[in-house]
Amino acid sequence: MLVALIWAAAAAPVHAGNLWLDSAADGQQVKPQNLPDFVELAARLSPTVVNISTQSQAEVAGGDSLPQGRPLELSPEERFGLPGGVKSLGSGFIINPAGYILTNEHVIEDADKIVVSLTDGRNFNAKVVGRDVKTDVALLKIDAGAPLPVAPLGDSSRLKVGQWVMAIGNPFGFDHSVTAGIVSAKARFIPGSYSDFIQTDASINPGNSGGPLIDLNGAVIGVNSAIYTRTGSSMGIGFAIPINVVKEEIEQLRAQGKVTRGWLGVYIQRVTPALSDSLGLEEPRGALVADVLKDSPASAAGIERGDVIIAFNGRPIKDSQELPLMVGETPVGRRVTLKFIRDRAIHQVTATITPSREDEIEKAIGTREQERAPSARQVGLGLDVENITPQLARELGMSDKGGVVITQVEPGGSADEAGLREHDVILEVDRQPVNDVHAYQQALNRRGGSSILLLIERSGSTIFVPLKRQG
């Protein structure tokens, strides 16, 4: 009924005053088009979609009784009467007749037992062949004793915004539910994730995770992974991992159980309009290098903190989050060209991509959250700073290699609005190193503009922060 109403409204002429205007440009009538045949698609693809439930041994030992005394707080799994010990429900789809299944990594995370259910009612224990947390993809294997139907994998690079798509999954425990919608957007970036996402308004709810997003040709063009919600259920904004990203990982997952990515060895941040202005760029683009790791490909190539990488191997970088994707998909050992801006001039170097060391580095860095230390007042940007003496460095667990430490941030001031915190260390002011409070104050006085660019060290990482002068 809803589709019929929307379609009829689109085909009707629009009344404006005493004129009837055609709904098409230049007076040309829009030809009515039939809706896609989702019936045939659903019949053909449903047998390739599986339900996935996980259990932990401790929970299984507790029996089948449901929690008592909190009916309004029951999870979807409990509400629909799943057996005791079920930790989560998700979906997946078969990609090989021998029983290989794709799903989300978060569906099978921390599972002691994984059960796969087919449309014909058969259940199989599954083993994890490989998993990748960064793209939230896992490869499972079951032994069904006979060839299984397969969902063909499509080409997500050919997707267009507005085209029809269909999702099949297990929302809230409802077996093999089919929903349809359109591609709402492409190349959506979600903080903390590795890949860019396909956005769709096809209804996706808890339990759809790991299921396929399918185009009108019956090919899988995405793996449903997340929803944007304030209520816990669909609000018409769902996200799927592009199948081209997944296809690049499948063989590594099958052969070695994990994905080895290329690595450049830089920490980057987005070039905002404020940063672009502070750096003297014509427009906000590229990836700003906030730090270069020691003994990394970027370091060997001569990349420095403050450089803005604008192209990777000839591919322009508009948004900083594009760079990790480009580097990650580059084969280890490949030589690449990096085009970057330094001191408002364009430079180019070559670098050799090496295996990723991110996990190793993250473990080594750790965190350095400490108690507040006494501060000394310094006027300028809504913050107080102090010299980093050896004693203060020991108290705060930081190095005394230079810079000044922020000891207080004025609520509502420029520094507060820019996100600066107590115990952040200011290393540079407008690209000039500062080793003590005197040098810091001199750097502030030399710059007479309304904005200023600070290089901040926080918990072992560095980041550029633009902020405006107060008053």
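Author: Start with Arg-344, which sits in the loop between β21 (335-342) and β22 (345-352). Helices here are DSSP runs of H or I with at least four residues, and strands are E runs of at least two, numbered from the N terminus. The model is predicted: local features need pLDDT of at least 70, side-chain atom pairs count only at pLDDT 80 or more, and totals for chains, interfaces and linings use all residues. Residues are numbered from 1 along each chain as its sequence is written, and side-chain values use heavy atoms, leaving out hydrogens and water.

Reader: Why is Arg-344 called exposed?

Author: Its relative accessibility is 64%. Exposed means over 50% relative accessible area, buried means under 20%, and partly exposed lies in between (1.4 Å probe, protein chains only). So Arg-344 counts as exposed. Its phi is near 70 degrees, a positive value in a residue other than glycine.

Reader: Arg-431 also has a positive phi, near 70 degrees. Is Arg-431 buried or partly exposed, and how do you know?

Author: The relative accessible area of Arg-431 is 30%, so the label is partly exposed. Arg-431 belongs to the loop between β26 (425-429) and β27 (432-433).

Reader: What makes Thr-48 buried?

Author: A relative accessibility of 2%, so Thr-48 counts as buried. The residue is in the loop between α2 and β3 (49-55). Beyond residues up to four places away in sequence, Thr-48 touches Gly-92, Phe-93, Ile-94, Pro-149, Val-150 and Ala-151. Contact means heavy atoms within 4.5 Å.

Reader: Why is Asp-215 called buried?

Author: Asp-215 has a relative accessible area of 12%, so the buried label holds. Asp-215 lies in the loop between β13 (212-214) and β14. Not counting residues up to four places away in sequence, Asp-215 touches Leu-41, Gln-163, Trp-164 and Ile-221.

Reader: What makes a set of residues the largest nonpolar core here?

Author: A nonpolar core is a set of buried Ala, Val, Leu, Ile, Met, Phe, Trp, Tyr and Cys residues joined through side-chain atoms within 4.5 Å. The largest such set has 26 residues, and those with the most contacts inside it are Phe-93, Leu-102, Met-166, Ile-241 and Val-246. Elements that each supply at least two core residues include α2 (38-45), β4 (86-96), β9 (137-141) and β15 (238-242). Helix α5 gives the most to this core, with five residues.

Reader: What does Ile-241 contact, leaving aside its neighbours within four places in sequence?

Author: Its contacts include Val-137, Phe-197, Ile-221, Val-223 and Val-246.

Reader: What makes β15 mostly covered?

Author: Five of the five residues of β15 are buried. Strand β12 (residues 197-200) runs antiparallel to β15, joined by three bridges. Two strands pair if DSSP finds at least two bridges between them. Ala-240 of β15 is the bridge partner of Ile-198.

Reader: How do you know that β9 pairs with β5 and with β8?

Author: Count the bridges. Strand β5 (residues 100-103) and β9 share four bridges, in the antiparallel sense. Strand β8 (residues 127-132) and β9 share five, also antiparallel. Leu-139 in β9 partners Leu-102, and Leu-140 in β9 partners Val-128. The β8 and β9 hairpin has four residues between the strands, and Asp-136 there takes a positive phi near 60 degrees.

Reader: Which way do the β9 side chains point?

Author: Val-137, Leu-139 and Lys-141 point one way, Ala-138 and Leu-140 the other, and all are buried. In a regular strand the side chains alternate between the two faces of the sheet.

Reader: Last one: what lines the second largest pocket?

Author: On a 1 Å grid over the protein atoms alone, a pocket is an open set of points where a 1.4 Å probe fits, with protein on both sides within 12 Å along at least five of seven lines; lining residues have an atom within 4 Å of a point. By that test 31 residues line the second largest pocket, and Asp-196, Val-245, Arg-315, Leu-325 and Glu-329 lie nearest its centre. Helix α5 gives the most to this lining, with five residues.
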